[in-house]
Amino acid sequence: MWCYLGGSISAEPRINDRIRVPEVRLVGPSGEQVGIVPLAKALELAQEYDLDLVEVAATARPPVCKLMDYGKFKYESAMKAREARKNQAHTVIKEMKLRPKIDPHDYDTKKGHVVRFLKQGDKVKITIMFRGREQSRPELGYRLLQRLAEDVQDLGFIESNPKQDGRNMIMVLGPHKKKTEAMAEARQAQEARKAEAKANPGRSQNAADADAVNAEGDVDTDVVSAEADVEAPAEASAEA
């Protein structure tokens, strides 16, 4: 019976003496085509150039190998991948829950959260929660959702119209601004604050660092505040 006892298969390309073929199609350090040469000759050229022989196309016949500084290549690849992850934008749907008879102050507070989410390029799911006799008055929730959509129309649009879902009414707002644009603007604002702090010697470094932390933590702060508003039973009773 055959069984596999080895570890995980490495995704790293074979280099130097790990290459086990009689001949390779060699590419020079500047990308020039050297041609098909014996493996021993390719390794000899790698030593002369003080470079590594790296197998870049193992499935080709013969395999394609290139002369390069493999350590430098791995470092540059890791930096590119890190930068790509840094600029990657994920679609996020925030959620905000309201009651049909919400207090004006609470409405302004939650509208402020919606404004922040839209400015950050996130979608917002607005849920109106009906309780008891409120379920017989769905028009109250509809008017509240329409009012909120009008109040933030400069930042977002109605992506999903209000619809009844059991004891709730749901509407989804989409941002006019793309997530990547919002991230770029946030980074620019943070850099501007840092530059202002450096230009103003009378301002402490601690204050500048605090601004940077606040700029990076805007989203998380909003999420916590929004979730606190949603989950606090005291507020629900106050709104009722």
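1. A charged patch, as the word is used here, is made of residues with over 30% relative accessible area and no salt bridge, with like charges joined within 9 Å. A salt bridge is a side-chain nitrogen of Lys or Arg within 4 Å of a carboxyl oxygen of Asp or Glu. The model is predicted, and local features need pLDDT of at least 70, while side-chain atom pairs count only at pLDDT 80 or more. Residues are numbered from 1 along each chain as its sequence is written.

2. On the surface, a patch of positive charge brings together R82, R85, K86, K194 and K198. Two or more of its residues come from each of helix 2 (70-87) and helix 5 (179-199), and helix 2 gives the most, with 3 residues. K198, which lies in helix 5, counts as exposed because its relative accessible area is 73%, where exposed means over 50%, buried under 20% and partly exposed in between (1.4 Å probe, protein chains only).

3. A patch of negative charge on the surface gathers D103, D108, E150 and D151. D151 belongs to helix 4 (residues 138-151) and is partly exposed, at 40% relative accessibility.

Methods:
Heavy atoms only, no water. Patch = residues over 30% accessible without salt bridge, like charges linked within 9 Å, V, L, I, M, F, W, Y side chains within 5 Å. Areas by Shrake-Rupley, 256 points an atom, 1.4 Å probe, with all protein chains shown as cover. Lys, Arg positive; Asp, Glu negative; His and termini not counted. Charge placed at Lys NZ, Arg CZ, Asp CG, Glu CD. Helix = DSSP H or I, 4+ residues; strand = E, 2+ residues; numbered from the N terminus.
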